[in-house]
Amino acid sequence: MTDPTTDTGPTGDPCSSRASLEALRAEISKAVVGQDPAVTGLVVALLCRGHVLLEGVPGVAKTLLVRALAASLELETKRVQFTPDLMPSDVTGSLVYDTRTTEFSFQPGPVFTNLLLADEINRTPPKTQSSLLEAMEERQVTVDGTPRPLPEPFLVAATQNPVEYEGTYPLPEAQLDRFLLKLTVPLPSRQDEIDVLTRHAEGFNPRDLRAAGVRPVAGAADLEAARAAVAKTSISPEITAYVVDICRATRESPSLTLGVSPRGATALLSTARAWAWLTGRDYVIPDDVKALSLPTLRHRIQLRPEAEMEGVTADSVINAILAHVPVPR
């Protein structure tokens, strides 16, 4: 891969944009230790105009990860703490009566931003969860019959806790399918945890990222140029067929009641393309597809209850499929 620090292209140039996004990954690492796959997934989602679901136990820096991403971008960001009493209008906005003009005016909700952090999204009822569906899919919200476009770029980064189910509302399949990627944020390794504690002992404050040295290193122009370059990354018919074969194999797996839909196949092709460009190539290879298969597909399949009881996981099913589907040469 080309060293991004040697790129001197002007802003908006694809090479310069790749350097900016590489710098974005490095900037986030100033605040978050040992979560490189999740950081990369967030960058891929930005390139694909997709949304991200971050899953991990409490205390593994899910929220900090998104806040560091926001601090590294010259984009507007807002945060919504999802709670059981949150209403859809608290997310999308509502009509407010103005006593001076005796008319109703629209008061935009926090969804009108570039990067929306939906914290603990599974703690709010389905009615409020669904308020994000139109925003995520159509890039607009409809209030009182009037569609209102959202800013561009627009990305939802939602977090959820996989182990605490009391008082939570699991996301329905239709909403899960709207997330481009589901990224797992694991517990850090021993050395990474030592590094985290060392940073805190030296005065790191996760609530003050600017003091930690996190600065904006990429903006809307870089993203637009990068997305244009990704769109030119070539995909051979063999790679397209490989993606289709992987997704069709999930529909035939005896361990699953629900396989990957054509939307999921399109998502996998898109993320593999973005990863190929990020790694410095203008064409997609099978390894790109394999690298993005787990985060792109794991939330789009549903295990049979008996398979779950036997310890089968979504990741293990996908890995088994990748091991058996013929790889194009």
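The dialogue below moves from the sheet to the helices and then to single residues.

Q: On what kind of model do the values rest?
A: This is a predicted model, in which local features need pLDDT of at least 70 and side-chain atom pairs count only at pLDDT 80 or more, while totals for chains, interfaces and linings use all residues. Residues are numbered from 1 along each chain as its sequence is written, and side-chain values use heavy atoms, with hydrogens and water left out.

Q: How is a sheet read, and what is the strand order of the open sheet here?
A: Strands of a sheet pair through backbone hydrogen bonds, either parallel or antiparallel. Strands (E, at least two residues) and helices (H or I, at least four) are DSSP runs numbered from the N terminus, and two strands pair if DSSP finds at least two bridges between them. In this model five strands form an open sheet in the order 2-5-8-1-9, with parallel pairing. Strand 2 (77–81) and strand 9 (181–184) stand at the edges with a single partner strand each, so one side of each has no neighbour in the sheet. On average, neighbouring strands of this sheet are turned by 20 degrees against each other, direction ignored; the axes behind such angles are lines fitted to C-alpha atoms, for helices over the stretch in contact, and the angles run from 0 to 180 degrees between N-to-C directions.

Q: How many bridges join strand 2 to strand 5?
A: Strand 2 and strand 5 (residues 115–119) run parallel and are joined by five bridges. Lys78 stands opposite Leu116 of strand 5.

Q: Which strands run antiparallel?
A: Strand 6 (residues 140–143) and strand 7 (residues 146–149) do, with four bridges between them. Thr142 stands opposite Pro147 of strand 7. Two residues lie between the strands of this hairpin, where Asp144 takes a positive phi near 55 degrees.

Q: Which strands does helix 3 lie across, and is the helix buried or exposed?
A: Burial is judged by relative accessible area: under 20% is buried, over 50% exposed, and partly exposed lies in between (1.4 Å probe, protein chains only). Helix 3 (residues 62–71) lies across strand 1 (52–55), strand 2, strand 5 and strand 8 (155–160), and runs at about 170 degrees to strand 5. Seven of the 10 residues of helix 3 are buried, which leaves the helix mostly covered; among them are Leu64, Leu65, Ala68 and Leu69.

Q: How is the length of helix 8 checked?
A: The expected span of a helix is 1.5 Å times one less than its number of residues. For the 12 residues of helix 8 (residues 190–201) this rule gives 16 Å, and the end C-alpha atoms are 16 Å apart, which agrees. Gly203, which follows helix 8, has a positive phi near 105 degrees.

Q: How are aromatic rings compared, and how many pairs are counted?
A: Rings of Phe, Tyr and Trp (its six-membered ring) pair if their centres lie within 6.5 Å; planes under 30 degrees apart count as stacked, over 60 as edge-to-face and the rest as tilted. By this rule there are two aromatic pairs. The ring centres of Phe106 and Phe112 are 5.7 Å apart and the planes stand at 70 degrees, so this pair is edge-to-face. Phe106 and Phe112 are both buried.

Q: Which charges lie over ring faces?
A: A charge sits over a ring if NZ of Lys or CZ of Arg is within 6 Å of the ring centre and within 35 degrees of the ring normal. Arg148 lies over the face of Phe106 at 4.1 Å from the ring centre, and Arg281 lies over the face of Tyr283 at 5.7 Å.

Q: What is Asp119 in contact with?
A: Contact means heavy atoms within 4.5 Å. Asp119 is found in strand 5 and is buried, with a relative accessible area of 4%. Apart from neighbours within four places in sequence, the contacts of Asp119 include Thr63, Arg79 and Thr159.

Q: Where is Pro216 found, and which residues is Pro216 in contact with?
A: Pro216 is found in the loop between helix 8 and helix 9 (220–231) and counts as partly exposed at 34% relative accessibility. Pro216 and Ala71 are 145 residues apart along the chain, yet their C-alpha atoms are separated by 6.0 Å. Leaving aside neighbours within four places in sequence, Pro216 is in contact with Ala71, Ser72, Leu73 and Glu74.
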